[in-house]
Amino acid sequence: MLMQLHYSRLSEKDRRQYAALESLKLGHGGITYISRVLGVDRKTILQGRKELTMDLPNPIPPGRQRAAGGGRKKNG
């Protein structure tokens, strides 16, 4: 299965978060299903869900598409 191949190539943290994301997409019963398909403990998926839902600071100010300071530097 393609999902298992992709999963096997990820780092440990990325594996947790990928499994969590897939379980969230499935909704009810997603944790159980992904746990069986990927051979991951349910606690690992729950930890990944916590990591995904943590409040991370947004480095891009509202109303901008990119962070300040990006792009070419002005001559002069």
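Student: Why are helices α2 and α3 called oblique to each other?

Tutor: In this predicted model, α2 (residues 12-26) and α3 (residues 30-38) pack at an angle of about 135 degrees, with their axes 8 Å apart. Angles under 35 degrees count as roughly parallel, over 145 as roughly antiparallel, 65 to 115 as roughly perpendicular and the rest as oblique; α2 and α3 are therefore oblique. Axes are lines fitted to C-alpha atoms, for helices over the stretch in contact, and angles run from 0 to 180 degrees between N-to-C directions. Helices are DSSP runs (H or I, at least four residues), numbered from the N terminus.

Student: Which residues of α2 meet α3?

Tutor: A19, E22, S23 and L26 in α2 meet G30, I31, Y33, I34 and L38 in α3, where contact means heavy atoms within 4.5 Å. By class, this contact of α2 with α3 has six nonpolar, two polar and one charged residues. Ala, Val, Leu, Ile, Met, Phe, Trp, Tyr, Cys and Pro count as nonpolar, Asp, Glu, Lys and Arg as charged, and the others, Gly among them, as polar.

Student: What is the angle between α2 and α4?

Tutor: Helix α2 and helix α4 (residues 42-53) pack at an angle of about 90 degrees, with their axes 7 Å apart. That makes α2 roughly perpendicular to α4. The residues of their contact divide into six nonpolar, five polar and four charged.

Student: What is the angle between α3 and α4?

Tutor: The angle between α3 and α4 is about 120 degrees, and their axes lie 9 Å apart. That makes α3 oblique to α4. I31, T32, I34 and S35 of α3 make the contact with R42, I45, L46 and R49 of α4.

Student: What makes R15 a charge over the ring of Y7?

Tutor: The requirement is that NZ of Lys or CZ of Arg is within 6 Å of the ring centre and within 35 degrees of the ring normal. The charged end of R15 sits over the ring of Y7, 5.2 Å from its centre.

Terms used: Residues numbered from 1 in each chain as written. Predicted model: local features only at pLDDT ≥ 70, side-chain atom pairs only at ≥ 80, totals over all residues. Heavy atoms only, no water. Helix = DSSP H or I, 4+ residues; strand = E, 2+ residues; numbered from the N terminus.
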